[in-house]
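Me: Can you walk me through this one? I'd like to go over the packing and then a loop.
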Amino acid sequence: METKDSVEQETVQQAEAAAAEETKQETTAETTEEAAVEETAEEKLQKQLDELNDRYMRMAAEYDNYRKRALKERDMVRSEATGKALTAILPIYDNLERALAQETADTEYKKGVEMTARQFEAALESLGVEIITAEPGTEFDPTVHNAVMHVEDEELGESCIAECFQKGFRHGDKIIRTAMVKVAN
């Protein structure tokens, strides 16, 4: 019987050892499975983070482009409005220049017109408006000068301005009005 009991004990011990080994393997498998699940969860979270980061970067780029476009449009509208306003008031400046060119016996009157013209020029300068130079003897530039007459003059060089009829104006890079000139040779 003892042999039978010892065989039974051995069998029980082997069964217990096998069960323990099986449990150990199951635990290891579960741990590995949990790790795989955790990695999958980490991968999912990383993927979500990458997607959100991509969306954020795209949105930031779109906002930056919008801001630049709005600034450019605002500057363009401001330039157009200034150009239209200047176009409307430049005839007043032309009349002041004509009044200064006329001879008058009343020196106070002439002095008043001169002061008004200089104040007008100062106001244009404060708005960023430049007067386009069209003095006799300077070279003709078709981008800023409008040749309305041509004259042969040996004293002046080729394509030189002989006379300026009306001053031109520029606001920044934009030409408000070209200078009206007579060109020699």
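This is a predicted model: local features need pLDDT of at least 70, side-chain atom pairs count only at pLDDT 80 or more; totals for chains, interfaces and linings use all residues.

Me: Fine. Which residues does D153 contact, leaving aside its neighbours within four places in sequence?
Reply: A184 and N185.

Me: Where does D153 lie?
Reply: In the loop between β2 (145–151) and β3 (160–166).

Me: What is the separation between the C-alpha atoms of D153 and V183?
Reply: 9.3 Å. The two residues are 30 apart along the chain.

Me: Why does D153 count as partly exposed?
Reply: Its relative accessibility is 26%, so D153 counts as partly exposed. Partly exposed falls between the buried limit, under 20%, and the exposed limit, over 50%.

Me: And the D153 side chain: which backbone nitrogen lies 3.1 Å from one of its polar atoms?
Reply: The backbone nitrogen of E155.

Me: Switching to packing. What is in the largest nonpolar core?
Reply: There are 12 residues. They are L86, L90, Y93, L96, L100, V113, A117, F120, L124, V129, F169 and I176.

Me: Which helices each supply at least two residues of this core?
Reply: α1 (2–101) and α2 (107–126). The largest share, 5 residues, comes from α1.

Me: What does the second, separate core include?
Reply: That core has 5 residues, including I161, A179, V181 and V183.

Definitions and conventions:
Residues are numbered from 1 along each chain as its sequence is written. Side-chain values use heavy atoms; hydrogens and water are left out. A nonpolar core is a set of buried Ala, Val, Leu, Ile, Met, Phe, Trp, Tyr and Cys residues joined through side-chain atoms within 4.5 Å. Buried means under 20% relative accessible area, exposed over 50%, partly exposed in between (1.4 Å probe, protein chains only). Helices (H or I, at least four residues) and strands (E, at least two) are DSSP runs, numbered from the N terminus. Contact means heavy atoms within 4.5 Å. A polar contact is a pair of N or O atoms within 3.5 Å; within protein, one must be able to donate a hydrogen and the other to accept it, and residues adjacent in sequence count only if both atoms are side-chain atoms.
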